[in-house]
Amino acid sequence: MTTTVYARVESPLGELLLVGEVPAADRPDTAEGVRLRSLSVPGQKGGVAVQDGWRHAPEAFTDVARQLEAYFAGRSTRFDVPVAEGPGTEFQRRVWAALESIPYGSTVSYGEVAAQVGASGAGVRAVGTAIGRNPLLVVRPCHRVIGADGALRGYAGGLERKKLLLGIEGGAGRSEP
């Protein structure tokens, strides 16, 4: 049995909603044992909303908030955050794992992600759908995926936020394979 906890954190993207799980044996009022299940922005397509029974526990997210602050300030290039397994199909998890392998400041195309997960051709659309369902914006860097022509395409948090994140990372151009 787990307890669902949440907190809100200010950021350049707006107020982030952090949702995590804490095993029943751990105390939900500390950062020990919390696993991040969702990180969403205001107005996010498919974003979560606080549910009845969830516990407001900002202290459980102290480390996550500190890492986000360092990232937005340009002092950190990666996240070391325990993540809850959460929902998602096996295919979505493969796509999400591919996102985690995209280096800071780099971009790749949807087609490159599709090829990496063995879903080339018509699978590019399925990859785009899986990326759009990424529950961990920013931490799992779906913003680093762009169109094959270098154009910004799709982002559940909105293209302005995608542009902002790529600007923070200095990743305005495409990476070389």
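## What counts as a pocket

A pocket, in the sense used here, is an open set of grid points with protein on both sides within 12 Å along at least five of seven lines. By that definition the second largest pocket of this predicted model has a volume of about 250 Å³.

## The second largest pocket

Fourteen residues, written as 14 in the count, line the second largest pocket, and those that lie nearest its centre are Arg78, Phe79, Glu100, Val139 and Pro141. When the lining of this second largest pocket is sorted by residue type, eight residues are nonpolar, one is polar and five are charged.

## The largest pocket

The largest pocket has a volume of about 530 Å³, and of the 28 residues that line it, Lys45, Gly132, Arg133, Asn134 and Ala156 are the closest to its centre. Strand E3 (35-40), helix H2 (90-100) and helix H4 (123-132) are the elements that each give two or more residues to this lining, and H4 gives the most, with five residues.

The lining of the largest pocket divides into twelve nonpolar residues, twelve polar residues and four charged residues.

Across the protein the pLDDT averages 90, and 91% of the residues score at least 70. Residues 172-177 form a stretch where the pLDDT is below 50, although in the model this stretch has 13 contacts beyond near neighbours in sequence.

How values were computed: Residues numbered from 1 in each chain as written. Predicted model: local features only at pLDDT ≥ 70, side-chain atom pairs only at ≥ 80, totals over all residues. Heavy atoms only, no water. 1 Å grid on protein atoms, 1.4 Å probe; cavity = no way out; pocket = protein on both sides within 12 Å on 5 of 7 lines; lining within 4 Å. Points joined across faces, edges and corners; volume = space filled by probe spheres on them. Helix = DSSP H or I, 4+ residues; strand = E, 2+ residues; numbered from the N terminus. Nonpolar A, V, L, I, M, F, W, Y, C, P; charged D, E, K, R; others polar. pLDDT = per-residue confidence, 0-100. Contact = heavy atoms within 4.5 Å.
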